[in-house]
Amino acid sequence: MHFRGRVSGTEKDITIRLAENNPTRSKAFIELKNIFSQPVISEALLSAFPFASLTSKAVLKRFFTRYASEIRLRGALDNMGAEIKIMDKQSSDNDLRLTANLRNLFSEKKQARGSLEIKNLLGFFDVSLTNGFLNGTFNFPAGINGDVNLEMQDDGKISGLAKFSDFCLTAAINDTLATDDYLQQNRISGTIRLDGTMQQPHVRAQLSADRFVFNTIGYYRADIVADADKERISVDSLRISLNNVPISEGNFSASLTDRTLSGNFTGSDVDIEKVLTAINPKNNFLNGSASYAVSLGGSYLNPKIASSGSIQNGSLYKTPFDHLDFQFTDALNAKKGLLKAEGHQIVFSNLALVREGDFSLEAQGNLPLKKNDSLDVKLHFKGDALAFLPTWVNFFEGGTSLADIQAELGGTRGQIKIKSSICKIDRGELWMASVAPHVQNIHGTIELKKGTNQVNFINLKASVDDKTVTFNTVRNVTTTTGRKLKPWYFKGINLDFGVLDIKTEKGGVELNIPGLMKKEDSGFLYLSGRKNDEHFYFAGPVKHPLAYGTLRLFNTRITYPFITSPNARRKKSTAVEFLSNMEWDVRLKSGKDVVYHKEIPAYIDNVNTELYMDESSPGLRFTGIISEGTFKPVGKLNSSRGRLEYLDQNFKVDFFSVEFTDWDPYPLISGRAWTTVRDSVGAIPKTIYLKLYAVDSETNIEKHQGSLEDFRFKLESADPQIGEDQEQVLSYMGFTVSNIKEKATSVGGSITERYLIRPLLRPIERVLEQGLGVDMVRINSNIAKNLFFSSFGYNSNEHLFFNPFVSNASYLFLMQSSDITIGKYLSKDLYLTYTGQLVSVYNQDEPELDINHSFGIEYRFLRNVLVEFEFDRELMRYHRLTNEKQYLNDFKIRLRQSFTF
């Protein structure tokens, strides 16, 4: 320590200025007047004095390093004023200020009176020193007062007493003086008594602290009885309660001679969540009623904490349990800091988490609190593992299973690594938000062998409606095309799941593919390899997983592009997002009853399109990634069966074809559907076509190639006398100015059927298909249209239309003109259909119902050539046309060929 400065003065006065060249810039200044007669300190200042350099004690060094001081003196030696400021370099809120008046410094009775101020706490003291005795009193109006007495000679007896009377600690140390805040209702009462001698002092405290709140949790109360002398600090009794319910009781002692510790604490029926939240609001992962015992031993430098207990009827990370039993020790290292994570090493000799009837989890090993310290834990889980999936992933709605899992964990707490694991699952079931509502009979093994990072699925099987999917892990797969498949490798946990080999039973597994299917629809998917010696593979990398193989669809309703939510801000579903990020290398084949449906615009309104894909179609190959714009299909699909609904007419498919090529981004699409229209009873029916086309945006010329979103339908007539103009064709179909009211009603009924009734009928159709063992059931309701006519006031006298609302007839007449169609493949190329239509018949006595029958046979004798036979048995006693039998026997034959042009 080196000070530099100067001393100056006169015969009466002297001035001293000193400064030290150090980071704290310490300085001292004193100016004395009348030094030889009546000395007076005109001004004295000692600022930022480096007290830390005067001590070797680490505790004192840290204190003096953090706190700076400033001492000022002024006045005569027998009546001097002093001011001491202690400033916290880290927070000015902790500054302390002491003022004092020092009198009679050179007489027998010396006195010091003054005040002490820190934050909101203000106190006053009065100290006198006479004939070897020091006596002092202090008083803090907030609720602390007392006295201290010290004998300065002989044995140096000391005595003192500090009384606490409803002292509010938070009000004293807070930055504000709010009086109605519930956080400032705490009170401390009791005494701290000092006795003994200077050589053997003794302190005894009896205090109670009540109504304390920590992180909005309270009220806490603590009662303590403690003694301290030069040899030992002893807490004879410590009781802590929360809202008058005891949570801890125990004792503690620390030897100051041999530096050993001992203590015991117990608690029962403790609300553990409130305790943890009071310590840290983020630690609300655990709740329940806890009972525990904690013992403390060891030395200052290496204390040891042992704890055992149980938590009843709680939850851990939102997982309910009946009881959590624990027994652990914490070997602390004081050199690393008891309040720091690296100072703790928790070793569990037993940890058991149990929910009766569901699961049990046992664990042993060490769990460090520091993220980078090594971890070593062994786990054994038995019970329902799949029940946890809905908690972790909201895609799963429920799960159940019998599982036996053994695992060894290593790495660090910040980066846990699985050293080995074997998971055996049996009788598993999952309920999911989409894809498959219910997956059952999940069983198999998942294994991670010790010393490797390779996870293997071994005959992991799952069933959907008794159809089984099997998963196995394969490695080092090179396809017949020469492509080497990458494994599923998760870098964060350093685990390699290899390539998944997926097998399905013949006939496929019933699933819903979000985006390609409506939520209420599902279809059968059969997975196989691209070649006979391959399987369907699901490979890595994780960012863009690869699907490789052949996918054949059965009994499926699909659409493309993906179905999207009308709410543009709504986030894509997890399944659609996953499908969009996948890399595809899949061949798509059409099996029986694959229906492509889509709303395609036309001249007026949209055409509801339902096309049945031909099994003989070459199929498509999908490659690329949708989200990166590289996704592309190549191949061809044909349709020679289906129906289109437009306005109030049903059109039958003549042919449709879509072909994607390697050299053109847009598909080549062609096709048309037909219906027959009669302009009057008895007239020869005429054919009207719905033809698919696209318009070139630059030339405005119709073409058969373009984006899927750019295609449109237009009406055409097979009769050249009608013309090709859309208004002319619509006029022939009955859409004229004179009958616009009736036609608007008919169209409105058809649209209502499509959007309101069809979604209700589709589940019924699927149940009938499965129950009857047929390939297709199609119900066409006419309820909405009949209700429209009735609501507009049409009746049987004015418009020859039967109206049940103005008669005594059954409401079953609202079903008139509704029909049901049933289709069944008798062989691969022979398809049989039956349609029954409910019609109303009028006679002289009362209205009645009857059924029109239609039978059809479709035979395909070449890949793109087929012949149709159709027989209709129609009851034409409509509109009071009694005995009309124009179409009593109607037999039709059509030869159709599908081709691309």
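Phe388 is buried, with 12% relative accessible area. The model discussed here is a predicted one.

**Aromatic pairs**

Phe388 has a ring partner in Phe381, and the pair is edge-to-face, with 6.0 Å between the centres and 70 degrees between the planes. Phe381 is likewise buried, at a relative accessible area of 10%. Since buried means under 20% relative accessible area, Phe381 at 10% falls in that class, and Phe388 at 12% does too.

Phe538 and Phe578 form another edge-to-face pair, at 6.1 Å centre to centre and 65 degrees between the planes. This pair links distant parts of the chain, 40 residues apart. Phe538 belongs to strand E35 (residues 536-539), and Phe578 belongs to helix H5 (residues 574-581). Phe538 is buried, with a relative accessible area of 15%. Phe578, in contrast, is partly exposed, with a relative accessible area of 37%. The reason for the two labels is the 20% limit: buried means under 20% and exposed over 50%, with partly exposed in between.

Phe538 and Phe578 also belong to a cluster linked by ring pairs, together with Phe457, Trp488, Phe490 and Phe497. The count of aromatic pairs in the model comes to 18.

**Charges over rings**

Two contacts place a charged side chain over a tyrosine ring. Arg672 lies over the face of Tyr689, at 4.0 Å from the ring centre.

**Salt bridges**

Side chains of opposite charge can pair when their charged atoms come close. The model has a count of 27 salt bridges, and the table gives some of them.

| Salt bridge | N to O distance |
|---|---|
| Arg221 and Asp210 | 3.4 Å |
| Glu610 and Arg557 | 3.3 Å |
| Lys691 and Glu716 | 4.0 Å |

The salt bridge of Arg221 with Asp210, 3.4 Å between the closest N and O atoms, links distant parts of the chain. Arg221 is in strand E15 (residues 217-228) and Asp210 is in strand E14 (residues 201-214), 11 residues apart. Arg221 is partly exposed, at 26% relative accessibility. Asp210 is also partly exposed, with 26% relative accessibility.

Are Glu610 and Arg557, which meet in a salt bridge, buried or exposed? Glu610 and Arg557 are both buried. The side chains of Glu610 and Arg557 meet at 3.3 Å, N to O. Here too the pair links distant parts of the chain, with Glu610 in strand E40 (residues 606-613) and Arg557 in strand E37 (residues 556-558), 53 residues apart.

In the salt bridge of Lys691 with Glu716, the closest N and O atoms are 4.0 Å apart. Lys691 is partly exposed at 23% relative accessibility, whereas Glu716 is buried, with a relative accessible area of 16%.

Salt bridges can also share partners: in this way Arg483, Arg530, Glu583, Asp585 and Arg621 are joined into one network.

Definitions and conventions:
Residues are numbered from 1 along each chain as its sequence is written. This is a predicted model: local features need pLDDT of at least 70, side-chain atom pairs count only at pLDDT 80 or more; totals for chains, interfaces and linings use all residues. Side-chain values use heavy atoms; hydrogens and water are left out. Rings of Phe, Tyr and Trp (its six-membered ring) pair if their centres lie within 6.5 Å; planes under 30 degrees apart count as stacked, over 60 as edge-to-face and the rest as tilted. Buried means under 20% relative accessible area, exposed over 50%, partly exposed in between (1.4 Å probe, protein chains only). Helices (H or I, at least four residues) and strands (E, at least two) are DSSP runs, numbered from the N terminus. A charge sits over a ring if NZ of Lys or CZ of Arg is within 6 Å of the ring centre and within 35 degrees of the ring normal.
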